[in-house]
Amino acid sequence: MENKKYFVPYITAGFPDRKRFLKYLKLLSEYGDYVEIGIPFSDPLADGSDLQIAHETALKEKVDIDFIFSSIERIRNKKPFIIMSYLNPILNYGFEKFLKKAGNKGVAGVVIPDLPLEEAGYYLPLFKKCNLDFVPLASPSTSVERFLKIAEIANLFIYFVSVKGTTGAREDFPEYTRRKLKEFRNLTDRKIFLGFGVKNPQSVKKILNLIDGVIIGSEIARRILKGRDLNKFIKKHLNVLKGGLKNGRRMVDKGCKRCDKSSEG
Amino acid sequence: MRHEYGIFGGIYVPETLVPSLFELERAFKEFKKSKRYKEKFKIYLKEYAGRPTPLYHAKNLSKKWGNEIYFKREDLCHTGAHKINNAIGQILLARFMHKKRIIAETGAGQHGFATSAVCAKEGIGCTIYMGKIDAERQRENVLKMKLLGADVVEVDKGSKTLKDAINEAIRDWITNFENSHYLLGSCVGPKPYPEIVKYFQSIIGKEARTQFIKRCGSLPDYVIACVGGGSNSIGIFSAFVKDKEVKILGAEGGGTDRDKTSATLSFGKKGVLHGALTYILQDEKGQVRETHSIAPGLDYPGVGPEHSFLKQVKRVKYFPVFDDEAISAFEECAEEEGIIPALEPSHALALARKISKNMNGKRILVCLSGRGEKDLNIYWRYKNGK
C-alpha cells in the first residue's frame, strides 16, 4: 500500500455564484490531489442540508454541464478532476457525450450517487471506451460479498461513505465506520477514500491508517456560506494527512507537477 | 438496462439503501407466501377498511353523458381513499420485518392519513413528510394525522410538494433504515416498491372485475382512472390489462397548460427520479420541473415505471385533463349523483365525460379513488378566484 494520503475537496459548480466558484475552484486546485466538482441537481436526495443549499444556489445561477467543462479549462494549475453528479442531468446530456467531453477536459473519474452496482453494469463499457473511471461507492451497510464486487469495478478509488445517512459535517465518526473500514481494508488493494461527514481533522487522524484519502464537501460549503476561513481549515487537514504542514505543502506541490506532465489519475 | 418493466423501473438509489431494498424484496416474497399474513390482510381489509367497496351505477350521469357510467367506490374506504389498501398491506409487511418505526410521504394527505391510522392501530410510531404547500391546502388532513399521533414534518424545500416530501422521506430512510420501514404510498420509487404497491392495490381491480361481470354480464368497454404516481390506476388496471377488448385510459393532472402541469406521461421524457427510470417532467438541462395540478395527489413530476411501460407498449392511453375540466366534473358529479369526489378522480370523470361525446351506449368503469371533503377549500378558492 502506498503511503500517500490524498486530499479531495468538493465544491458544487456555480456555488456560491459563478464568479466566486471559479475563485474557490482555483484555491481548491492549489491544495487538492484531486478536486471534485458537483453538478447541481434539483433533487439531491443523498445530500444533507448544507449541500442542498449549495445545489439550490447553483441552480439559481443556471449552471449546467458545459459551464463545468469551461470552468475546468480556465484552471491553469490543473489537478485531476472528479465529477460528481446525480444520474438524470447526465442522462439528459447524453451519457456517452458527457463521458467523451469529460475525458478530453482532464476529468479522471465520475461519481454517481444514484447509480449503484446493479445499474452501473450497463454503463461501464462506456467508461472504458472513453478512458474514464467510474468511482463506485461503498457504505457501512455494504456487505463483504458486495464490497468485493464493488472493489472489482473500482480503479481510481473506492468512495467509502462514512456514515449511515446523507452528506453533512459531523464532529466524529461512529464506531461502525472504523469497524467497517477495518473489515474492508484487508479485502482490497484499491484506494479507499472516506467521504460524507468529514469535518474534524482529529477524527480523521484516528482512522488514517485505514484510508488513503478524504473527500470534504459539506464543511467547505458551510464555510463558504458563513464566510469562514477555508485556508486554515484545509491546512489543518493537510497537516494530518501529510504529517506536518510544511512537508505537506511540498508534497502537494510535487503531486501537482506530476499530474501536469500526465497521469496520476 | 433491463428491468421489470422493459427499460423502466430499476434500483437507482444510493449504495446505503441497496441492502435495505434487497431485504424488503426478500421479506415481501416471504410475506406473500405466509398464509397467516394473507389472512390478516384479508380481515383487515374487510373489517377495518370496509371492503369490498361497492360498484355503483351512476344513472344520472349515464343519462346525461349517453354512456353507462359505473363507479368503483374507493371513496367509501376508511380514511376516504384507496390509499388505505396499501397502508394496511405495508404495515403488516413492516411488522413481518420487525420494523419499529414508519416513515411516509404524502401529497394530498390521503396516504399520510391512512398511514397514520394503521400506525395508531398497530401502535407503531410514524413520521409523515408533507410539502408545505400541500400541508397548507390540505390542512384538515394534517390535523387528522396529528390526532392519530403522527409526527408531521412540513417540508419547506424545493417545490414544497410531494416530490420534496419524498426526497425528505428518503433522506430519513437513508439514516434510519435499520429500524424504520419506508411506507411509500404510490407505485413509484425503486424496486421492489412499484410491485409491492401494485400487489396491495390490485384488490381494487379484482373486486371491480368480478362485480362488473356479475352485474352487467360482461367486461366494461372502458376502464378509466386518474394517474399521479399511479397507485389507484395500477390497482384497477391490473385486472383488465390482459383483456384485449377493454380499452384502458389514464387521466393525468394537466394543470392549466403545458407549462404548468403534472401530466408526466403526456408532456415528460424519460429520466431517473426517486430511484426509478420512468417518464419525468424535466427541463432541457435534466432538472426536475416544478409541477402544478389543482389536485394535490396528482401534483408530482414522476410516475410509476409500470405506467411508463404500459404507455410504451400502447396498452394504456394517457391524457392530460386540465384543472377547469376536473372542477366542472367535480361539480357535475356532486349535483347529479350526490357524491363529492376527490379532485384527483374528478380528472378521471372529466375524461369519461370527454370520450362520451363521441360515442353512445358504452360501459365505462371509473375508479372513484377518493372522496372530496378534503378539497372543499381548494374548490372554493378556485371558484372565488375566477
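The model is predicted: local features need pLDDT of at least 70, side-chain atom pairs count only at pLDDT 80 or more, and totals for chains, interfaces and linings use all residues. Residues are numbered from 1 along each chain as written, chains are lettered from A in the order written, and side-chain values use heavy atoms, without hydrogens and water.

Interface first. On chain A, 36 residues are in contact with 37 of chain B; contact means heavy atoms within 4.5 Å. About 2900 Å² is buried between the chains, and carbon and sulfur atoms give 51% of that. Buried area is the accessible area (1.4 Å probe) lost on putting two parts together, summed over both. How many salt bridges cross the interface of chain A and chain B? The rule finds four. It asks for a side-chain nitrogen of Lys or Arg within 4 Å of a carboxyl oxygen of Asp or Glu. Arg146(A) pairs with Glu15(B), closest N and O atoms 2.8 Å apart.

Now α12(B), residues 305-312. Helices are DSSP runs (H or I, at least four residues), strands likewise (E, at least two), numbered from the N terminus. Its buried residues are Pro305(B), Glu306(B), His307(B), Ser308(B) and Leu310(B). Buried means under 20% relative accessible area, with a 1.4 Å probe and protein chains only. Their cover includes α9, β7 and β11 of chain B. Lys314(B) follows α12(B), with a positive phi near 60°.

Last, α13(B) and α15(B). Which residues of α13(B) make the contact with α15(B)? Asp323(B), Asp324(B), Ile327(B), Phe330(B) and Glu331(B) do. From α15(B) come Leu376(B), Tyr379(B), Tyr382(B) and Lys383(B).

Terms used: Buried means under 20% relative accessible area, exposed over 50%, partly exposed in between (1.4 Å probe, protein chains only).
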